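Hello,

Here is the structure I said I would pass on. Please open it first, then read my notes below.

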Amino acid sequence: MHATRKLNPAQSRTAKGATATGLLTVGWFLLQSLLPVSVAIAQERNPEELTYGQFLEKIEQGQVEQVDLDQTRGIASVRLAGQPEDEPPQKVTLFAGERNPELIRLLRDNDVDVEIADAGGNGALAWLATNSLLALILVFGLLMILRRSASGAGNAMNFGRSRARFQMEAKTGVVFDDVAGIEEAKEELQEVVSFLKNPEKFTAIGARIPKGVLLIGQPGTGKTLLAKAIAGEAAVPFFSISGSEFVEMFVGVGASRVRDLFRKAKENAPCIVFIDEIDAVGRQRGTGIGGGNDEREQTLNQLLTEMDGFEGNSGIIVIAATNRVDVLDMALLRPGRFDRQIVVDLPTYRGRLAILEVHARNKKIDPEVSLEAVARRTPGFSGAELANLLNEAAILTARRRKETVTMVDIEDAIDRVTIGLSLTPLLDSSRKRMTAYHEIGHALVGTLLQHADSVNKVTIIPRSGGVEGFTQFLPSEDVIDSGLYTRNWLIDRITVALGGLAAEAEVYGEDETTTGAGSDIKQVTSLARQMVTLFGMSDLGPLALESSDNQVFLGRNLMPRSEYSEALATQIDGQVREIAKQSFDRAREVLRNNRPLMDRLVDMLLEQETMDGDQFRQLVAEYTPLPEKTLVQSNT
Ligand code: ADP
Ligand code: ZN
């Protein structure tokens, strides 16, 4: 197993509406089963009955003189030809609520005198009363359910008026100092604070105050925090709602929530209205699986109407957050709406350091801890992940009954959030030895290749999730932060990833290799494929053959399917295979040439179970000169 890191924790949302929906279905079911009963009660009062069939027959035979149609009750009173005046008319039960067009046509064709009444008589009244009572009970029940689910959300403040689920914080208590590492975004938003504080300064010279600001960035980068900081700095109330909460089970509820939200906001202006996950409502209209979504479109339209409705100087500034600006409806991005867009990126090394400093403030961190080292060890972490990391470290420290958080605790917390909980070491076994060879394979290849990242740690202590051991590398922040990778780096990385499998093959023979290398191979295939189809790093030349999935900011990504011929697809596969095969051979060669060293390292690892990068390099240097790394990186 090669060191893997989870960059974007999957967001899990629980559907709060689930129980309410469940109860709703029960409600409808009750209604359905009660209706026939109430009809039956009404029917008992009508003694003289004709069946519908007999009725039609009599019309056709010209025996019907006059008909009173009671549409509400679904009853026809029929006076037959030659029937004495003092005899009550015959009753016929029709299909309640139906307009019975054929019947009316038939009556007209046969020249029958027809009178249509909508309601009348005691029976109808009783029927109506029963049903409206039922309806009332049902509506009442629904309201109770909705109220319960709304209060169940446990929000700071709920406005009962329309079951609205937005929250209001009079004071967020967050200031710009709490937000770190995203300086550019902060600077741009500083202006918004001045708008809120002194709108006159801007309106006096005719400047139009922006109404909407769109924050674009991955989850956990601090968008919500930024919005709260603006409110905190300007000392104005903070209203917030999530886009996914707008879109509920009933058509029209979302729109009314938008109305309520803005009404409350206007009452409390100046203020900030924060809409998280705006893509949930703001997707392009008329798209999506299963055609348009009326509810979502109505909600979006209402939102646009509200934003157009208030004047720029009303003191309401709407801040919305999304990580999918490419799917947003263009109407949202028009001037006068969310015309300011600010990208909130994952933090760079400096950013991570600043964020760590913010979150270290309220924790007892040992003075010997180097936050610089932590920042260096965590490329790709978002602000939320860094905050979580320090919190995990503090939890570990408390569990270990120590006074201050030390580097060891932080290191352990990093492994824990990136790889999993550590489990008790395996007993000595051939399986353990094989795992050691696999990991040493990664580590040794990584140490001996010039362009590969430096080894930070090798371990054969198993982790939760079926990880039997791992080798951790220390990526260069230059590479990660710039996002620019050289072909040399990519090839070496693929070779290192294949080092585990190569070691198994060298030592145990190809027939004895294990499935433990499965995730290594997956990574290799994906990297090699990107080299061929995205970066033009193969014999096929500089062709972009696929649109990359994760670069959603670059544009609309609605057509993920690649458009190349079958023949080209075969060529691509050939190139990918070539890269993988050559790298595998290269890894095996490196290991074969250093077999005694590899055996020695495996023995050491079996004994110690974990080796750090410096110790590892020291041992390697006793046997063979270390290459001059292009990206040297030390752990301190
Ligand atoms: P987003 O809204 O972008 O998903 P949040 O603002 O909800 O992210 O971030 C969650 C938490 O992570 C914050 O409450 C804060 O503790 C921490 N955090 C995220 N970004 C930063 C940052 N730039 N500076 C300080 N803390 C941050
Ligand atoms: Zn591996």
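Which element gives the largest share of the shell around ligand 1? It is α7, with 3 residues. Please keep in mind that this is a predicted model.

**Where the ligand sits**

Ligand 1 takes up the space of the second largest pocket.

Sorted by class, the lining has 16 polar, 14 nonpolar and 12 charged residues.

**What surrounds the ligand**

There are 16 residues around ligand 1. Those that come nearest are Ala 180, Gly 220, Lys 223, Thr 224 and His 359. The shell around ligand 1 splits into 7 nonpolar, 7 polar and 2 charged residues.

**Polar contacts with the backbone**

Which atoms of the protein backbone come close to a nitrogen atom of ligand 1? A backbone N or O atom of Ala 180 does, at 2.7 Å. A polar backbone atom of Gly 220 is 2.8 Å from an oxygen atom of ligand 1. For Thr 221, a polar backbone atom lies 3.2 Å from an oxygen atom of ligand 1. Taken alone, ligand 1 exposes 560 Å², and the protein buries 79% of that.

**Two backbone details**

Where is the cis peptide bond? It joins Ala 269 and Pro 270, with omega about 0°. Pro 270 belongs to the loop between α9 (253-267) and β9 (271-276).

The other detail is Ala 235. This residue is not a glycine, yet its phi is positive, at about 55°. Ala 235 is found in the loop between α7 and β8 (238-242).

Best wishes

Key: Residues are numbered from 1 along each chain as its sequence is written. Chains are lettered from A and ligands numbered from 1 in the order in which they are written. This is a predicted model: local features need pLDDT of at least 70, side-chain atom pairs count only at pLDDT 80 or more; totals for chains, interfaces and linings use all residues. Side-chain values use heavy atoms; hydrogens and water are left out. Ala, Val, Leu, Ile, Met, Phe, Trp, Tyr, Cys and Pro count as nonpolar, Asp, Glu, Lys and Arg as charged, and the others, Gly among them, as polar. A residue is near a molecule or strand if one of its heavy atoms lies within 4 Å of it. A polar contact is a pair of N or O atoms within 3.5 Å; within protein, one must be able to donate a hydrogen and the other to accept it, and residues adjacent in sequence count only if both atoms are side-chain atoms. Accessible areas come from the Shrake-Rupley method with a 1.4 Å probe; for residues, only the protein chains shown count as cover. On a 1 Å grid over the protein atoms alone, a cavity is a set of points where a 1.4 Å probe fits but cannot get out, and a pocket is an open set with protein on both sides within 12 Å along at least five of seven lines; lining residues have an atom within 4 Å of a point. A molecule sits in a cavity or pocket if more than half of its atoms lie within 2 Å of its grid points. Helices (H or I, at least four residues) and strands (E, at least two) are DSSP runs, numbered from the N terminus.
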